[in-house]
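Let's walk through how the two chains of this model meet. Have the structure open as you read.

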Protein chains: 2
Amino acid sequence: MCEFVVISDCKLEILIVMCSVRTQQKERTRRNIINAALNQLSADKSFASLSLREVAREAQIAPTSFYRHFKDMEELGLTLIDECGLALRQLMRKARKRFEQGGSVIVTSVDTFMEFTEQNPNIFRLLFHERSGTTFALRTAVAREIQFFIVELSDYLHERGFSRDSSYAQSEAMVAIVFNAGAESLDALSQQRGLIAKRAVTQLRYIASGAKLQHLG
Amino acid sequence: MCEFVVISDCKLEILIVMCSVRTQQKERTRRNIINAALNQLSADKSFASLSLREVAREAQIAPTSFYRHFKDMEELGLTLIDECGLALRQLMRKARKRFEQGGSVIVTSVDTFMEFTEQNPNIFRLLFHERSGTTFALRTAVAREIQFFIVELSDYLHERGFSRDSSYAQSEAMVAIVFNAGAESLDALSQQRGLIAKRAVTQLRYIASGAKLQHLG
DNA sequence: ATATTTGGCGTACAAGTGTACGCTAAAAAG
DNA sequence: CTTTTTAGCGTACACTTGTACGCCAAATAT
């Protein structure tokens with residue numbers, strides 16, 4: 001067992017632990033499991049319909065070895081949601097950079113988001129589906145990820161003079177609409193996607209100008 | 001086998017068919033199956049996680065008898081969605097009557113909808129969850145039910161001077177927000193439900209006044 | 001050098017699944 | 001009355017699932 005001998009050696013110790021053959025290998029098959037799970041998600045296969053054995057099979061380990069990494073499928077699910085949430089947040093940071101160098105905030109954000117759902121449909125599906133899933137822990141985890149968006153946007157609006165309540169109401173509505181558009185585009189033909197995005201922009205503009213009218217005169 | 005002897009006897013014939021002992025009994029167990037399925041839906045059990053055998057057990061029939069009524073679980077699912085959609089549409093007709101005799105359209109609609117989700121959480125869950133489910137046919141069926149709402153509301157707005165595009169964008173956004181609020185309230189404490197409804201009203205007002213500002217001057 | 005920890009495997013089991021097949025009794029048709 | 005139709009049942013089968021248990025070999029600790 002590894003243990004920390006001296007506090008000042010902390011970083012070194014961690015480094016050693018990370019590089020140890022065992023930990024490295026363990027991390028690798030952990031990733032295999034995660035990737036196997038993500039890989040099996042599709043329009044016809046939700047996380048709830050994955051089985052431990054299927055995942056293990058694709059990860060090239062024995063079913064029972066799964067337990068060396070996750071307590072059960074729920075724990076794997078939480079991990080997946082964390083990862084997907086992170087990916088989504090990174091994306092929105094990218095959007096922020098994009099529109100800070102000019103262009104419409106709304107258009108840029110919608111486009112960025114729609115690009116994401118188009119390129120990572122299964123990740124988006126996971127979040128969207130488990131939001132109304134049958135496992136409380138997963139629902140909560142997804143809600144938390146979405147909350148990140150709402151709060152971030154809400155802060156942005158608050159800085160621009162809206163009250164906290166109004167900022168939150170606007171943000172929540174906007175996020176709901178963007179997610180709705182994303183979901184809609186999943187089953188849509190690629191020709192219709194542009195239309196969906198355009199409509200989402202219109203809808204966000206309604207909210208923005210409606211809120212402005214009511215709260216900033 | 002029943003058959004129609006003369007065209008003019010059509011209605012009578014149908015009446016006879018409906019009252020025949022067999023058809024009556026068949027209809028009864030069909031309802032048992034449907035009710036059994038609805039009964040098993042809960043926060044922890046989605047339609048996708050129901051099994052044919054479980055449903056049959058609760059409906060008090062042998063597993064194989066299920067096939068006398070539905071080709072498979074998917075067909076049962078479609079039936080459930082039809083029923084739930086119908087219930088929801090009836091509800092909104094009630095809302096219409098309510099606000100035609102005075103009161104805010106938005107507040108009345110939101111309140112009616114939130115009442116519904118509170119009193120029939122499982123019906124709402126079914127629609128909401130299968131909207132992003134793994135069965136294309138079910139997703140489509142739910143989308144169609146939601147479309148009813150959007151189109152109805154859209155017509156209402158079109159009559160009031162908005163262009164077709166603007167009406168549709170507004171309606172879609174409003175429905176998305178109301179559904180979002182409904183979903184949010186499912187896991188919320190009953191104390192928070194009022195707040196959620198109030199926020200939804202605010203959000204709908206933003207859309208309404210934003211659209212008005214941009215399209216009606 | 002010796003002892004311990006641990007990631008991974010194979011076996012085994014009980015429980016559940018969908019559904020094919022053939023039978024029966026009662027209702028409907030002739 | 002006789003024949004046909006059919007809702008429902010019981011049996012049976014081939015799968016799949018989660019997971020308990022014990023073993024092994026290699027990495028790590030002592």
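**Where the chains meet**

Four salt bridges are counted between chain A and chain B, a salt bridge being a side-chain nitrogen of Lys or Arg within 4 Å of a carboxyl oxygen of Asp or Glu. One of them joins A:Arg139 to B:Asp187, with the closest N and O atoms 2.6 Å apart. This is a predicted model, in which local features need pLDDT of at least 70 and side-chain atom pairs count only at pLDDT 80 or more, while totals for chains, interfaces and linings use all residues. Residues are numbered from 1 along each chain as its sequence is written, chains are lettered from A in the order in which they are written, and side-chain values use heavy atoms, leaving out hydrogens and water.

Now zoom out to the whole contact (heavy atoms within 4.5 Å). Chain A puts in 35 residues and chain B 35 residues. About 3,100 Å² is buried between them, 53% of it from carbon and sulfur atoms; that is the accessible area (1.4 Å probe) the two parts lose on being put together, summed over both. On the chain A side, A:Thr134, A:Glu172 and A:Tyr206 lose the most area to chain B, together 21% of what that side buries.
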